[in-house]
Amino acid sequence: PSSMVRPMTVVALSLGKWKKVQGDRLIPEWIVAAHPRSSVGGTNGVTNLPVNEYGYVSVDFDSVDFIPTVSEGMNEHGVSLSVQTFRQAIYQEHREIRPTKPAILFTEVAALLLGGCKTVDDAVTVLDTVTVLGNDVPTADRSHWSIVDAQGGSLVLEFTDGKLQAHDNSQIATMTNDPDYTWHLRNLNNYASLSTAWPVASYAVETDLTPNSAVPSAVGHGFNLMGMPG
């Protein structure tokens, strides 16, 4: 019955309809893929990723040498993840690699988390099992991650100065591309004047023109959203 259905949160971003040339054919960059349990998620090349503990479905970006890279996805426990651009990212260094902490590229983080997390609380623990590299990659291609779970948990995961930062995002519950998470929090102060209430014009500057006509006046509910980005 519908009363038994648990609310679910999904995080994602809009995907450009990119295509690339293969010989004389144009093929889509984006593919929808299922990654079952016990498979190595997110790549068909050489990788240090463990086998998936949990299955997931994702939108993959068919990138360098046709190795799919997970960009968005949800696993069988309702953990949903979105990969977003973060040019300021500074990942870990090769010297931090240990036998117990093998190296993966930051492009493999999404697959690692979707295949290994039952809730967002697992994310930091799972990431602590690997060394995340990528400082040789152009900054325009670097990433941070927004992850939510079926229990309402939400984290933004970023690497800054070589250290993992895990920001509790359960109250804000939204995220986008760079800058870093703390910048986005402060930037919300620019929209303090926005309101869900019906807008009211300032009588201090109101001027009557004709009967039943005055300027400035609020002529629609949308006026309280002036200043919204976009």
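This is a predicted model: local features need pLDDT of at least 70, side-chain atom pairs count only at pLDDT 80 or more; totals for chains, interfaces and linings use all residues.
**Stop 1: the aromatic cluster**

Select Y91, F106, W145 and F159. These residues form one aromatic cluster. Four aromatic pairs are counted in the model.

Start with Y91 and F159. Their rings make a tilted pair, 5.8 Å centre to centre, with 55 degrees between the planes. Now colour by secondary structure. Y91 sits in the loop between β6 (80–85) and β7 (103–105), while F159 belongs to strand β10 (residues 154–160), so this pair ties together parts that are 68 residues apart in sequence. Are Y91 and F159 buried or exposed? Both are buried.

W145 is part of strand β9 (residues 143–148) and F159 part of strand β10, so the contact ties together parts that are 14 residues apart in sequence.

W145 has 1% relative accessibility and counts as buried. F159 has 2% and is buried too. The cut-off for buried is under 20%.

**Stop 2: the nonpolar patch**

Select I172, L185 and L188. Together they make a nonpolar surface patch of about 220 Å².

Zoom in on I172. Where is I172 found? Look in the loop between β11 (163–168) and α3 (181–187). I172 has a relative accessible area of 36%, so it is partly exposed. That class runs between the buried limit of 20% and the exposed limit of 50%.

Methods:
Residues are numbered from 1 along each chain as its sequence is written. Side-chain values use heavy atoms; hydrogens and water are left out. Rings of Phe, Tyr and Trp (its six-membered ring) pair if their centres lie within 6.5 Å; planes under 30 degrees apart count as stacked, over 60 as edge-to-face and the rest as tilted. Helices (H or I, at least four residues) and strands (E, at least two) are DSSP runs, numbered from the N terminus. Buried means under 20% relative accessible area, exposed over 50%, partly exposed in between (1.4 Å probe, protein chains only). Patches are made of residues with over 30% relative accessible area and no salt bridge: like charges are joined within 9 Å, nonpolar side chains (Val, Leu, Ile, Met, Phe, Trp, Tyr) within 5 Å. Accessible areas come from the Shrake-Rupley method with a 1.4 Å probe; for residues, only the protein chains shown count as cover. A salt bridge is a side-chain nitrogen of Lys or Arg within 4 Å of a carboxyl oxygen of Asp or Glu.
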